[in-house]
Amino acid sequence: MLKLIPAITLFLLHFSGPVFPQSDAYLPNDKEQQSVAQYIEKIDMSRMRDFPLHEAPGPESAGMNIAAMARLKLIEMPDYQIFYDGVSKIVNLVSKEQLALFMTPPTGPTRIQEDRQRKYNFGKLIYQHFNDDFDFLMVATQEPSNNNYHFEVKPHATGTGAGWGVDHSAQMGSDGELNSFIFLGGTDKFRDGPGSHEVMHAWAHSNKWESTYFFHAGYTNFGGILGGWKPNSLKSLGNDRYQIDTHKYNSTAMGGSVAANGWAKPFIPYSNFELYLAGLIGPSEIGHDLKRAVNFVWVNQNNGIFSASEIQTTTIEEYIAEFGERIPNHIDSPKNFKALYVVLSDEPITSEQWKIANDDVLWFQLPEDDGDSRRYNFWESTKGKATMSFRPIDYIRDQSVNDEGSASDWPALYNGITPKLELGIPFNNIGFFDVNDSTIYSCIRLYTNGYPAEHGGISEFGIALKIVSLPDSTIQIIKSREFNKSGAFNENAESPDCSGKFETNTGVYIDLIQTDNGVLDTTWSLIDPIELIFKLDTYKYFEKFPM
Ligand SMILES: [Zn+2]
């Protein structure tokens, strides 16, 4: 016993060194990154997700590394799974049922109500796991389809003339933050599909323009993503003939198009009238009256010549008189939108699919010129007047909430830390001493008489142990929870191990504990089963795992 005292003192001294980062903030050095990369190659690729290494430049990419990027988390529910991480712009909802519902629109006399109910159910599912903190809820199916649409969840501005004016927030499970639900038939619809088009439907257009499908520009001079010829280009040729300048999908196209139901790819930015409706410029900045051709028929499309029975002109003042002022106006209106982007699939998407979807969103949200004059991301579409951010990690409800305590009681989704590979520790996750709160975070597997056991149906517990007495080298379990209940993965996309072992019969607890000076192989004895106090029996630095 006497011999043990200096050892105990030494042991406890190790617990007062420099701050050792918690597992969530753990940044490996170059050598470790290399071995992580080698290790990743070896593990089961079907479970593996890697992440784009060319995250767009900007403050968000500072300090990123492969370990942080690969830290995939999983919400496991009986009928579905949600994968997410701390850096990606997307989450992956794996649900055969939800996918089937979205891929096969309802038919029959109740199809409209049924279709709506499906959106409501989807919204409620999402809000079980994400906080109501974003304006746009977007779901993109991994499987491509021709469906793309916008659904107004609640009226969010007056004076646009668009929308139905019905508030569906409660049915969607939103407390009022959500503006729009957007469905995209594929994960490439921002760069190569109608993503910016669907977003503009949050504000445009009025049915006044009588487009074939509701809410587009029809045959007007709006010249935006929702259609129309170029503003201020209309010339009267006499009688019922007119000439206009139109957008062309590409420079070699012979004739352009009015795109009365809007454009399917973002090769033009939002027009001034669209920007006005979106609350991004004032009425005086539009720069033209609103013109509409009645009974539009092409006469010579290559030369932009059409016939019409009438050209109706609506001044912006008349528009405001008809639909009211745009409130909030362009000064008070929101400019920095938030969105949650959900990739819906029937099985977990592959790392390559994850990368493609994430890259499409990365491009769309980039608040700068992307240098591509044939594609406009959101910032470019709004002419630099608005941004849209996608940070699912900011909205996720904390998954470490459990019976034992609130989310903030635990520093991470699961207890423990990934040990350095070169130590050859046979666990991918061990306990660690957090000097910030002088607490050991680890987990224990229950054993009775040498056989795996369980308590209340649980065999592995995450535990937090606080030092009771330095001279006595005693520690106390201050809280516990089911180990890794949320099914989180470590930075190598593996399920974390549980390094601690507690033998209920003898009260002996053995564990590997990371301190700033190395990994300690420890043995403790339960000396107070009521207060759950353990006393240190032996310790040594980890060298080779005792088999
Ligand atoms: Zn549309």
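These legends describe close-up views of a predicted model. Residues are numbered from 1 along each chain as its sequence is written. In this predicted model, local features need pLDDT of at least 70 and side-chain atom pairs count only at pLDDT 80 or more, while totals for chains, interfaces and linings use all residues.

**View 1. The largest nonpolar core has 113 residues.** A nonpolar core is a set of buried Ala, Val, Leu, Ile, Met, Phe, Trp, Tyr and Cys residues joined through C-beta atoms within 7 Å. Buried means that 20 or more other C-beta atoms, placed from the backbone, lie within 10 Å of a residue's own. Met138, Ala339, Leu340, Tyr341 and Val342 have the most contacts inside this core. Strand β13 (residues 336–345) gives the largest share, 7 residues. Strands are DSSP runs of E with at least two residues, numbered from the N terminus.

**View 2. Leu340 and the residues it touches.** Leaving out residues up to four places away in sequence, Leu340 touches Phe130, Phe134, Leu137, Met138, Pro392 and Tyr395. Contact requires C-beta atoms, placed from the backbone, within 7 Å.

**View 3. Strand β3 (residues 91–94) is covered on both faces.** Val91 and Leu93 are buried on one side, and Asn92 and Val94 are buried on the other. In a regular strand the side chains alternate between the two faces of the sheet.

**View 4. β3 pairs with β2 and with β13.** Two strands pair if DSSP finds at least two bridges between them. Strand β2 (residues 81–84) runs antiparallel to β3, with 3 bridges, and Ile82 stands opposite Leu93. These two strands form a hairpin with 6 residues between them. The pairing of β3 with β13 is parallel, over 4 bridges; there, Asn92 has Val343 as its bridge partner.

Conventions
Buried ≥ 20, exposed ≤ 12 C-beta atoms within 10 Å, placed from the backbone. Contact = placed C-beta atoms within 7 Å.
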